[in-house]
Amino acid sequence: MKPQTLMLRPLLALGLSAALIACAGPGPRPDSQLQIAESSIQQAEASDARKFNPVLLNQAQNRVADAKEMMDREAYGQAKRLLEKAAVDAQLAAARSETEKAQRAVAEINRSIRELEAQLESNQP
């Protein structure tokens, strides 16, 4: 083999490696995760999370905003993780809000029962 051919092999290998790295790219845009996160936030808002759990709802909204900035910079992997966390935060905020509303309804029913019992006792001869 010619010495010139032996010298070209490492350069060829280096060139192919650089081409493969360049083709790897940032990965797919996490558009579906963005839709899921935004839908989860809307559901949390519909569940009165703004009233019962505003901190968690704000955290979810901030994560979505940060993820959008990362998507603009093509940091799709980090954006995807943030969007997944945002969806979980929003779903947790919605669940806690529904729990709080249910607990308040139970407390109101118990208060009404006590009032009725007190009225019945006062009306007995």
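**Contacts and burial in a predicted helical model**

Author: Ser40 and Gln91 meet through their side chains in a polar contact of 3.3 Å. The model is predicted.

Reader: What makes the pair Ser40 and Gln91 a polar contact?

Author: The cut-off is 3.5 Å between N or O atoms. The side chains of Ser40 and Gln91 come to 3.3 Å, so the pair falls within the limit.

Reader: How do you know whether Ser40 is buried or exposed?

Author: Its relative accessible area is 4%. Buried means under 20%, so Ser40 counts as buried. Ser40 sits in helix H2. Beyond its neighbours within four places in sequence, Ser40 is in contact with Ala87, Ala90 and Gln91.

Reader: Which residues of H5 are buried?

Author: Among them are Ala86, Ala87, Ala90, Ala93, Ala94 and Ser97. The buried residues of H5 pack against H2, H3 and H4.

Reader: What span does H5 reach, and what is expected?

Author: H5 has 48 residues. From first C-alpha to last, it reaches 70 Å, close to the 70 Å expected at 1.5 Å a residue.

Reader: Why is Ser47 called buried?

Author: Ser47 has 10% relative accessibility. The limit is under 20%, so Ser47 counts as buried. Ser47 lies in the loop between H2 and helix H3 (49-52). The side chain of Ser47 makes a polar contact with that of Glu98, at 3.1 Å. Ser47 also touches Phe52, Ala94, Ser97 and Lys101.

Reader: How do you know that Asp48 and Lys101 form a salt bridge?

Author: Their closest N and O atoms are 3.6 Å apart. The cut-off is 4 Å, so Asp48 and Lys101 qualify. The pair links distant parts of the chain, 53 residues apart: Asp48 in the loop between H2 and H3, and Lys101 in helix H5.

Reader: What makes Asp48, Glu98 and Lys101 one network?

Author: Lys101 and Glu98 meet in a salt bridge at 3.4 Å, N to O. Lys101 and Glu98 are 3 residues apart in helix H5, so about one helical turn separates them. Salt bridges that share partners join Asp48, Glu98 and Lys101.

Reader: Why does the pair of Lys68 and Glu38 tie together separate parts?

Author: Lys68 lies in helix H4 and Glu38 in helix H2, so the pair ties together parts 30 residues apart in sequence. The side chains of Lys68 and Glu38 meet in a salt bridge at 3.0 Å, N to O. Lys68 is partly exposed at 36%, and Glu38 is partly exposed at 31%.

Reader: How many salt bridges are counted?

Author: The count comes to 9.

How values were computed
Residues numbered from 1 in each chain as written. Predicted model: local features only at pLDDT ≥ 70, side-chain atom pairs only at ≥ 80, totals over all residues. Heavy atoms only, no water. Helix = DSSP H or I, 4+ residues; strand = E, 2+ residues; numbered from the N terminus. Buried < 20%, exposed > 50% of the residue type's maximum accessible area, 1.4 Å probe, protein only. Polar contact = N/O pair within 3.5 Å; in protein donor to acceptor, adjacent residues only side chain to side chain. Contact = heavy atoms within 4.5 Å. Expected span 1.5 Å × (residues − 1).
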